[in-house]
Amino acid sequence: NNLSIAMGKFISRDLYADYEILMQKPVDVVGRRDLLLYQNFTFHYNLPYRVRLAYRFYLKPSGEKNAHEVFLRRSFSFW
């Protein structure tokens, strides 16, 4: 009952954008034929010292509140 499609692209050397769409049938209501559409937009920016800044926007179907998220991520290796 779900279909998810995701795609992304480097806009510049340090800026990456991705988009995800999820189409979902509601399971809690009997006999409804609505299709719920969830969309996520994310921008990742690479900073020095392997730090990544990200902004994500969740666009939800009508009746649900949209959400935003900002976070920092640091990666390192155990070599």
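Strand β2 (residues 15–24) and strand β3 (residues 36–47) pair in the antiparallel sense over ten bridges, where strands are DSSP runs (E, at least two residues) numbered from the N terminus and two strands count as paired if DSSP finds at least two bridges between them. Within this pairing, the bridge partner of Leu 22 in β3 is Tyr 38. The model is a predicted one, in which local features need pLDDT of at least 70 and side-chain atom pairs count only at pLDDT 80 or more, whereas totals for chains, interfaces and linings use all residues. Residues are numbered from 1 along each chain as its sequence is written, and side-chain values use heavy atoms, with hydrogens and water left out.

The two strands belong to an open sheet of five strands in the order β1-β2-β3-β4-β5, with antiparallel pairing. Because β1 (2–10) and β5 (67–74) each have a single partner strand, they stand at the edges, and one side of each is left without a neighbour in the sheet. From one strand to the next, the twist averages 15°, with axes taken as lines fitted to C-alpha atoms and angles running from 0 to 180 degrees between N-to-C directions.

A search of the whole structure finds four aromatic pairs, defined for rings of Phe, Tyr and Trp (its six-membered ring) by centres within 6.5 Å, with planes under 30 degrees apart counted as stacked, over 60 as edge-to-face and the rest as tilted. One of them is the stacked pair of Phe 41 and Phe 57, at 6.5 Å centre to centre and 25° between the planes; this pair links distant parts of the chain, with Phe 41 in strand β3 and Phe 57 in strand β4 (residues 51–59), 16 residues apart. Together with Tyr 19, Phe 41 and Phe 57 form one aromatic cluster.

Technical notes. Helix = DSSP H or I, 4+ residues; strand = E, 2+ residues; numbered from the N terminus.
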